[in-house]
Amino acid sequence: MSGARAAATAPVGRQRTTERVAPPPGYAWSADPYADALHTGRGPLFLRRADGWLLPLDVERWCAQADAADLEVLRRCEGEVLDVGCGPGRLVAALGVQGRRALGIDVSEAAVAQTVRRGGQALLRSVFDPLPGTGRWGTALLLDGNIGIGGDPGALLERLARLLAPGGLTIVETVPYPDVDERALVHVTDAHGTPGTPFPWARLGTPALLGYAQGAGWRAEDEWSTGERSFVALRGPGATGARPRPGRTTADGVHRAG
């Protein structure tokens, strides 16, 4: 799936469930509201928490061509790229246009079908399923809020460390509010309030992501923002040789050493 952007009126803070819930076997992102939104290329579509809080999902951007923020991410990718939660495939398609090898994975049949129609390669898989190229991928992408997959960021980062080559790169899009560290059960729902299957999800600002990353053996290599979107590049376990110091690149492209 693709991820989410925060509503301007949404409360910001820590929302944690007290239990760890495994994703349901039926794959909630194959629910009709999500598939219908991808088919039309527009929302409204939301993640709905049990307390009624709604997070708008940016369907229009997911279904469009890769934008300037996306292309900056792709410029930083190394080797073969695994797009985790590829959605309708804008990133995989853009990498293909650049002549780079990429594979998208998603648990939505509609998302995988659209990625293939755009000329990309994609599989109907969860990131926790057996995947081709395990231990050899150069870069993994967790854009559009996909650090939330499974509701356990630490477990997700540990899984990516096994999928990537030693010292591989993961690029994560974070919530542009630094104090966000939320884990909750959510539904995919449309404007009519039709809920999909509940599933665990997480939302992280950059400080929370860095805490989970350190615990899973990753280290920050860079931070930057483009417009209202924020990103972090993480270097995986097993890296060798000198690497750039962690820093921040602002929307004007200036790198700030950290």
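Reply: Two residues are in contact when they have heavy atoms within 4.5 Å of each other. Leaving aside neighbours within four places in sequence, Thr206 is in contact with Thr174, Val175, Glu223 and Val232. Thr206 lies in helix α7, which covers residues 206-215, and with a relative accessible area of 13% it counts as buried, because buried means under 20%.

Four strands form an open sheet in the order β2-β1-β8-β9, and their pairing is antiparallel. The edges are taken by β2 (54-56) and β9 (199-204), each of which has a single partner strand, so one side of each is left without a neighbour in the sheet. On average, and with direction ignored, neighbouring strands of this sheet are turned by 45 degrees against each other. Within the sheet, strand β1 (residues 45-49) runs antiparallel to β2 and is joined to it by three bridges, and Leu47 stands opposite Leu55 in β2. Helix α1 (residues 32-40) packs on the sheet, where it touches both β1 and β8 (181-190), and the direction of this helix makes about 70 degrees with that of β8.

The sheet belongs to a chain whose secondary structure comes to seven helices and 13 strands. Of its 258 residues, 55% count as buried, and the accessible surface comes to about 11300 Å², of which 53% belongs to carbon and sulfur atoms. Among contacts between residues at least 6 apart in sequence, 68% join residues at least 24 apart.

In soluble globular proteins, nonpolar side chains tend to be buried together. Here the largest nonpolar core has 43 residues, and those with the most contacts inside it are Leu157 and Leu234. Not counting residues up to four places away in sequence, Leu157 touches Ile147, Leu209, Tyr212, Ala213, Ala216, Trp218 and Leu234. A second, separate core of 21 residues includes Ala66, Ala69, Cys77 and Ala233.

Arg90 is found in helix α4 (residues 90-97), where it is buried, with a relative accessible area of 2%; Arg90 and Trp62 are 28 residues apart in sequence, yet 6.8 Å apart in space, C-alpha to C-alpha. Ala113, in helix α5 (residues 109-117), counts as partly exposed at 30% relative accessibility, and its C-alpha atom is separated by 9.0 Å from that of Gly89, 24 residues away along the chain.

As for caution, the chain averages a pLDDT of 85, and 81% of the residues score at least 70. Two stretches, however, stay under 50: residues 2-26, for which the model has 67 contacts beyond four places in sequence, and residues 242-258, for which it has 40 such contacts. Where pLDDT is low, the predicted coordinates should not be read in detail.

Technical notes. Residues numbered from 1 in each chain as written. Predicted model: local features only at pLDDT ≥ 70, side-chain atom pairs only at ≥ 80, totals over all residues. Heavy atoms only, no water. pLDDT = per-residue confidence, 0-100. Helix = DSSP H or I, 4+ residues; strand = E, 2+ residues; numbered from the N terminus. Buried < 20%, exposed > 50% of the residue type's maximum accessible area, 1.4 Å probe, protein only. Pairing = 2+ DSSP bridges. Axes fitted to C-alpha atoms, helices over the stretch in contact; angles between N-to-C directions. Areas by Shrake-Rupley, 256 points an atom, 1.4 Å probe, with all protein chains shown as cover. Core = buried A, V, L, I, M, F, W, Y, C linked by side-chain atoms within 4.5 Å.
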